[in-house]
Amino acid sequence: MSRTLKKPQNAVSACSLPLDRILIGDSIRIMNELPENSVDAVFADPPYNLQLGGDLLRPDHSQVDAVDDDWDKFADFEAYDAFTVEWLKAAKRVLKPDGCLWVIGSYHNIFRVGAILQNLGFWILNDIVWCKNNPMPNFRGKRFTNAHETLIWASTSKDARPCFNYEAMKNMNDEKQMRSDWHLPICSGNERLRTETGEKVHPTQKPLPLLYRVIMSSTKPGDVILDPFFGSGTTGAAAKLLGRHFIGIDRDKTYAKYAERRIAQTKPASDMDLLNTPSKREEPRIPFGIIIERGLLRPGQFLFDERQRHRAKVKADATLLVKEDGDSITGSIHKVGAMVQGLPACNGWTFWCYDSDGQGNLLPIDLLRQKVRAEVVKH
């Protein structure tokens, strides 16, 4: 990892990107110095403009370590909106046409940010609710406990085709579609970065599991993720862990020093192949006819649905023949599967099963497709 702290980066060459480095300075200026259309994703954790007035005390009168840093203070909403417009414009400029933007915030700012990014032409794909398993309580007892933050996931335009690793997210969620409510704990314990005197390095350090899920869902190994408000470096640590590159920007040298130390201690996966979850849409197409040609199924053999309510005979031309209630139905595995169920469509690969051992043990014919597909990929 490059030691940028000893020699701050004042300009960025248009010929290359400062990969896996922390750049010290104003995020808007530095983003505007990066090559246009050069990064795959932007994750932004901007100032929330909390507008805190006075100290926040617990019932025992001890002081809550709240966000009171100068970087979170703006004169008014107009000043905050102007800042938001400028950093979002800079982010859109540096993003590739099919890149994506993630921005996280609370009720203090996320609605303003959302409206502005729409005005700038971003297209909102999802809003994610990060439900905190262990939120800070509401000490004054005058409001509901604020137990969530909102992430907006957006593409650069309505017509963009951003990466979404659907299968990976489904695998991580026990074979169920990943929902937009993410239940994750806040950063605490050993994960929390602290100074030599035990103080928090950064007041709003985000937990690694949150950035792990963001990066895993919307980027590929080798992609470049820009974080213009790098802070404690969670984006960089998650990127390194998952085989992605990062570019971090922050004005605070102390934050950058601890973030750099943290990322240096992060160990990436030993085998890059372990980071890939191939999309089913990208897998080689295997027609049903190949299954017949290779003798994995033979003409005249019967296929069944899982509950054996329907039976179809395989024909030599890779169509199926079903005779029910005196009627004959002929067509593809998909067409016939849909017709016997009275549905407009059907995935015949998963609907139809074959007798795998002659003893009535049914397996989906998709297993035969996967066998052929593996041979095609291998060769």
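I listed the lining of the largest cavity first: Ala41, Val42, Phe43, Trp102, Val214, Ile215, Ser218, Thr219 and Ile225. A cavity here is a set of points on a 1 Å grid over the protein atoms alone where a 1.4 Å probe fits but cannot get out, and lining residues have an atom within 4 Å of a point.

I note that this is a predicted model, in which local features need pLDDT of at least 70 and side-chain atom pairs pLDDT 80 or more, while totals for chains, interfaces and linings use all residues. Residues are numbered from 1 along each chain as its sequence is written, and side-chain values use heavy atoms, without hydrogens and water.

I searched the whole structure and found one cavity of 30 Å³ or more. The largest cavity has a volume of about 40 Å³, taken as the space filled by probe spheres set on the points. Strand 2 (39–44) and helix 5 (208–218) each supply at least two residues of its lining; helices (H or I, at least four residues) and strands (E, at least two) are DSSP runs numbered from the N terminus.

I then turned to Asp305, which lies in strand 9 (residues 302–305). Asp305 counts as buried because its relative accessibility is 2%, where buried means under 20% relative accessible area (1.4 Å probe, protein chains only). The Asp305 side chain reaches the backbone nitrogen of His310 at 2.6 Å. Leaving aside neighbours within four places in sequence, I found Asp305 in contact (heavy atoms within 4.5 Å) with His310, Phe351, Trp352 and Leu362.

Key. Buried means under 20% relative accessible area, exposed over 50%, partly exposed in between (1.4 Å probe, protein chains only). A polar contact is a pair of N or O atoms within 3.5 Å; within protein, one must be able to donate a hydrogen and the other to accept it, and residues adjacent in sequence count only if both atoms are side-chain atoms. On a 1 Å grid over the protein atoms alone, a cavity is a set of points where a 1.4 Å probe fits but cannot get out, and a pocket is an open set with protein on both sides within 12 Å along at least five of seven lines; lining residues have an atom within 4 Å of a point.
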